[in-house]
Amino acid sequence: MGFACPATEADAADLADVRASIGRYYAGKILRHGATPRGVDWTCTATQELRFVQLLRVCGAAARFSLDDFGCGYGAVLGYLERWHGHATVDYLGLDLSATMVRRARHQWGHRAGARFVVGATSPRVADYAIASGLFNVRLQEAPDRWTAFIARTLADMAATSRRGFAANFMAPEDRAADEETALYRSAPAPWIDYCERVLGGSVELVAEYGLREFTLLVRS
Amino acid sequence: MKDVLVGGTLDDLNQRFGPADGIKEMAALQKAFGVFSPQHSLKDSLALLNIGPVENWSERRGWYKYLESLKTLPSDSGSQNAHDRIVEALKSHLESRDPLPVHFTAHSTAHNPGVLISPSKTALAYSTQDFLTISLPMTAVEKDRGKRRAGSASG
């Protein structure tokens, strides 16, 4: 398939550098734009929530579940859950690499029962489900192999800390090759479906064509 | 809202409702959330889409004020005001089977006081793309408060 999974070979220090640069990047964003979609590099609340619709399909119709949100930003998914799934009882843990981001999230959602935030790349618990929205899109100045190592490691962490399943989204390729210089990461679905099935042992459902140039993988245990 | 920001705001609208990915995204958002509906003001819908000046809150308020003012302006559709006409046109357009991209432009209220909405094959001189065109009525406003006062005093 032409896609080598570098996760197990990735040097831990190498990924620590990648995570540190991601943390700095998003700290800058939230300081500039505040707790708004632009503060986490999304265009607007509506597109952000359209992504949550797809990601949370992994939870099915569950009315009570625990959820880890990798790269939680300021906790926008909690706003979505309140607006559209007010009946659900969600034990929520948001994880973010940026301490600044987590401070904003705690400020915004500190009052909400069942919501916690931690700084870090991996979850300290096993939850029913894990999601990651947009976490893999901005690869900054990282070399492609380091970035795919980061993605593979993160997906493996999500798999290891979710008992029922996890979901993540990826930007799909443009019609015309253009993004080499834009610091964005785009991928076809096949390599990551293959990785989630063969390496992580999940059962993958591909969600695409929902109006955004991207796809979502729902990976069930 | 400063004159210099109007063009950028129209550009923002034209990009978000533009050909291919843009209009496809808008149609998907309409389907998922009913962004444009008689239950929501245009101001709230465009705020949800984050369309308008983003760096300066007072300019953003000016944009919202303009959108609200459309409720007092006429349209090309009988008794409907400009605001409701735009909301209804965007709703039905985005919910149609294969919506054309939308081109937003502006005209002077001296030429026509209301919003003008129509399909267009010639919205852009440099493009063969068909659009639904929405032309917003705009009025030149004297920015200098001193001159504005003098004008009203003498007028």
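Me: Leaving aside neighbours within four places in sequence, which residues is Ile131(A) in contact with?

Reply: Two residues are in contact if their C-beta atoms, placed from the backbone, lie within 7 Å. By that test, Ile131(A) touches Leu55(A), Leu56(A), Leu67(A), Asp69(A), Phe70(A), Phe166(A) and Ala167(A), neighbours within four places in sequence left aside. This is a predicted model, where local features need pLDDT of at least 70 and side-chain atom pairs count only at pLDDT 80 or more, while totals for chains, interfaces and linings use all residues. Residues are numbered from 1 along each chain as its sequence is written, with chains lettered from A and ligands numbered from 1 in the order in which they are written.

Me: Which residues have the most contacts inside the largest nonpolar core?

Reply: In soluble globular proteins, nonpolar side chains tend to be buried together. A nonpolar core is a set of buried Ala, Val, Leu, Ile, Met, Phe, Trp, Tyr and Cys residues joined through C-beta atoms within 7 Å; buried means 20 or more other C-beta atoms within 10 Å of a residue's own, with C-beta atoms placed from the backbone. The largest core here has 53 residues, and Val58(A), Tyr129(A), Ile131(A), Phe166(A), Ala167(A) and Ala168(A) have the most contacts inside it. A second, separate core has 31 residues, including Met26(B) and Ile51(B).

Me: How much of chain A is buried?

Reply: Buried residues make up 40% of its 221 residues. Along its principal axes, the C-alpha trace of chain A spans about 45 × 40 × 35 Å.

Me: How many residues of chain B are in contact with chain A?

Reply: 13 residues of chain B are in contact with 13 residues of chain A.

Terms used. Buried ≥ 20, exposed ≤ 12 C-beta atoms within 10 Å, placed from the backbone.
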